[in-house]
Amino acid sequence: MKVSLFITCLSDAIYPRVGEAMVRLLARHGIRLEFPEIQTCCGQPAFNSGYWDAARESAATILRAFDDSDFVISPSGSCTGMIHHYPKLFEHDSVLLEKARKLQAKSYEFTQFLVNVLGVADIGATFPHKVTYHPSCHGSRLLGVKDEPMTLLDNVKELELVPLPFAEDCCGFGGTFAVKMADISAAMVSEKADHVKETEAEVLVGLDMACLMNIGGNLRYRNEPVRVMHLAELLAEGAGLL
Amino acid sequence: MADAERERLRQTDDIQHTEAAQIESAQTESAGKEAAHRQWLKRLEEQSRAKQEAFMAGIAGRLKRPRVMEAPVHPFRGAPDFWRGFELFPEERVARFSEHWRSVGGHVARLPDLGAVRSFIAEKAAEMGAKIVLRQNEPELAALGLEEALPDAEVSVWNEDGGTDWKARAAEADFGVVMADHAAAHTGTVAVLSSKDKGRSVSLLPTALFIILPAERIRTRLGEVLTELDQAGRERLPAGVHFISGPSRSSDIENDLTIGVHGPGIVYALIVG
Amino acid sequence: MSAKAEARTVKARAELALNDDFLRKAVKFTTERLRSGKKNASSEQGNWEDWRERGRQIRLHTIANLDYYLNLFANNARANGVQVHFADTGAEAVQIAMEIAERKRAKTVVKSKSMVSEELHMNSALERMGIETIETDLGEYIIQLAGETPSHIIIPAIHKNRYQIADVLSKVAGEQLEADTTVLAGFVRKKLRENFLEADIGMTGCNFAIAETGSMVLFENEGNARMVTTLPKTQITLMGMERIIPSFEDLEVMATLLPRSATGQRITMYMSAITGPRREADADGPEEMHIIIIDNGRSLQLGDPEFQELLNCIRCGACLNACPVYRHIGGHAYGGTYSGPIGAVLTPALNKNVAEWDDIANASSLCGACYEACPVKIPLHEMLVYLRRRKVEQGHGNKAENAGMKGFGTVMRSAKRYSAAVRMGQLGQKLVVRGGEIRSKLGPLKGWNSVRVLPSLPKQSFRQRFKTLDEEIRAGLQEMSPDVRSRMEEALKRQRDEKPEQGGHGHG
């Protein structure tokens, strides 16, 4: 069975440690994550801005990259969510539409795959820190990834999970939104960072590096000593794999 | 008869004639206006009927299909199936209704019979100093004998005569007294239906409202009451069916709850039986 | 009109709102309260997802057969003695209302809250005729006196505090009123009571219209809509053509969804079903009743697979309360009659002038909170993307962005170009990186770095280090347990059987 890693451009270029964490964690269950090098970006920035021709160019590359994979795993609910938009994107192209549907059916956000497919609830990690969790909008709302990260976090030894107030509120990233509507985005991320601060957590964990880059960037700007990490990183570190 | 007297009578007579003529001409004028108004309405209706066809054809055109002329199959009519099976026992209905009615600031009293209702209202009238009481023209309310029970108040019966401005009467009333036609426990709602004997104003304009609710009229779900309106059919529906679930309220100023904004601020559900 | 409405773009209006500390606090406070009210009310009701799905199905069915149900409604309303009118445009609807008012020699019109009326600017039209037009919903009355427009579908005066309200009402009272909610509401009750009794015409909106009986249904808490439909001799109801539901049985579903979603109430204090004018022997209720059925851009959504569901909206305002953008900028920043996520989509859709509503569709992070809150599951977050796409397709895109996105497509088509771009970044960033981060606010970094720090690119991207990593993994790979293997095989089977819907959701 071919299990492929869809790294997403953000984790590829800025947060390679997240990909490494996924590779090492899955290897423990006998899965050698394969990495098709022709993959690029899911196309979301162009898609969300209304430039669907450009989005299709990007998406077609992704379709090609994972054509012969059995499972496609990504560290982002948002980018996996974008793949769920592919059938709409290719609704007028019967060949690619069929491929898009197939890709949609075999695409998983990392914790979805770990918990729902592999049935892994306890990674055997220990992480003696106070942690709060931000559920990213696309993963939780559009993919319905809500319980999976909680299951994994609950089973980490010595981890103190503090609920994040108004956790389900958007952090204000929204891709190009953060640039186009910078003032509104700034107000939103500041509010989110306030809530993180309220928890007094040492670590903010999430499933999407874009949101975490946004919140983390604001916390850093304010010199708040909160460490920001992807859940895969936390689990791999806790299991001594990173 | 003196000339002067005769002259005076003639003049009076003239005046009377003139007045009569004026009244007659006013009547003709008003009849004329009435007819002109009907004409106008008729013209509007013709315009409307013609426009209706174009409007519907436009919709069908947009939907890219011929017009739907037969009732389409509606597989999702009404509440989901699991909900239709939801039914409380009679005592639970009374309890649920009361709980919900109270939760929004309404008052509830459980009373054994109409005699107790009469004493209850009399007591409240004395307590609040009610001077004007208006009730619907219904046999159960007549049987209350409020006139005797409230010697200090003026009790009127809705639309009892044609000479009174009943809306103004309702507006000055301290108490309105109505029968609930239906009720639903799940939402804490009563329904009152309008008729010539049951003014919509009686449950709306007075300062305090007393709704007499026979316990057996409380159903579990709002849908049970609504379905009956479907079953009654268009021709049997009254002009106004009003569902009331508590006192008038608003949160429009700083989200701060205020009771009794336009409708009655004091609302009693008197559950009988 | 406030400065907020005069500013030309959403961005400019939002900036004004963001600097209005009171506004932000007020909107935040109220939307949070409404949002948590909804959460409690929907969980108290239970099976919320089933109710939402049922509500959506009823609305989908009605709109798909709108010609049948609307026609049935019109015929039944007429049989009830109602004068039914059809208006293609807002101007036509206003014209009809003005003709009625003129015929009736109306001096005063009392109104209950209606968003359609706001959409048509009915009040100013009537006032130009010299007719006193009085909003009677407490919040609407306040903003009418202040000369403003509603900034929330349900709570029109959400942006005003009680001191501001006391000032507005004191002018009418001719004396200084205490800034106390009870005092202020009491004053309005007394003042408007006279108007209700004396007005010539009562004007309402319409929450739902029952096709099978020709009844119109109003939800409210204050009792003013009942006053308006009970006391004046003539009633005019303004009704969007999509307000239809087939039956009273269907109303139970709407009555379950609307108040809970709007204010977190089990049901509003009043729900009135008006079936025609007063009966001959009745002593109250209007003698004459008109219903004006209004298109005004609604039918443009019919047959448009991307936007038809907009007509399912029941105007509860839940999407406003859920929206993090609305919470920060308030309703006026949207610049149209309807605000929040629904307004961002509805305004350009009704007017079919995407270009003029320049950035309104951009004022969203696409977080999907609106969709999640919507009691009839309108995918507003997707519609916002469709709007953006249509704007680009029609050639109204921003030039720099056009070029940028074209470049994006070209780069992302090939991993080679993509990798080259990453390498260029790794080298180029040296100019701005200090201690592993980028704090510069120059050029394109300004928006982001005004409140954030940008991380730098590490020396090696994932793909640059994958080979080494993979070799290490291959050397020490564990054997897959039979349990994991069988689970994966099951998943493969599920994937093959799965028929994902377009834009579908998760693996559950």
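Modeller: Chain C holds 23 helices and 13 strands, where helices (H or I, at least four residues) and strands (E, at least two) are DSSP runs numbered from the N terminus. This is a predicted model, in which local features need pLDDT of at least 70, side-chain atom pairs count only at pLDDT 80 or more, and totals for chains, interfaces and linings use all residues. Residues are numbered from 1 along each chain as its sequence is written, while chains are lettered from A and ligands numbered from 1 in the order in which they are written.

Biologist: What percentage of the residues in chain C is buried?

Modeller: A residue is buried if 20 or more other C-beta atoms lie within 10 Å of its own, exposed if 12 or fewer, and partly exposed in between, with C-beta atoms placed from the backbone. Chain C has 508 residues, and its C-alpha atoms fill a box of roughly 95 × 55 × 45 Å along the principal axes. The buried share is 57%.

Biologist: How many Å separate the centres of domain 1 and domain 2 of chain C?

Modeller: The bounds come from an automatic or database domain assignment. Domain 1 of chain C covers 53–300 and domain 2 covers 399–470. Taken over C-alpha atoms, their centres are separated by 54 Å.

Biologist: Which element gives the most to the side of chain B that touches chain C?

Modeller: Two residues are in contact if their C-beta atoms, placed from the backbone, lie within 7 Å. The contact takes 73 residues from chain B and 82 residues from chain C. Elements of chain B that each supply at least two residues to this side include α7 (166–172), α8 (222–232) and β9 (240–244). The most, 13 residues, comes from α1(B).

Biologist: Which residue of β9(C) is the bridge partner of B:Gly240?

Modeller: Two strands pair if DSSP finds at least two bridges between them. Here five bridges join β9(B) to β9 of chain C, residues 270–274, and the strands run antiparallel. The partner of B:Gly240 is C:Ile274.

Biologist: Is C:His121 exposed or partly exposed, and why?

Modeller: C:His121 lies in the loop between α7 (115–120) and α8 (122–128) of chain C. Its phi is near 55 degrees, a positive value in a residue other than glycine. Because C:His121 has 14 C-beta neighbours inside 10 Å, it counts as partly exposed.

Biologist: And where does A:Asn223 stand, buried or exposed?

Modeller: A:Asn223 is found in the loop between α13 (209–221) and β7 (227–230) of chain A. Phi of A:Asn223 is near 55 degrees, a positive value in a residue other than glycine. A:Asn223 has 7 C-beta neighbours inside 10 Å, so it counts as exposed.
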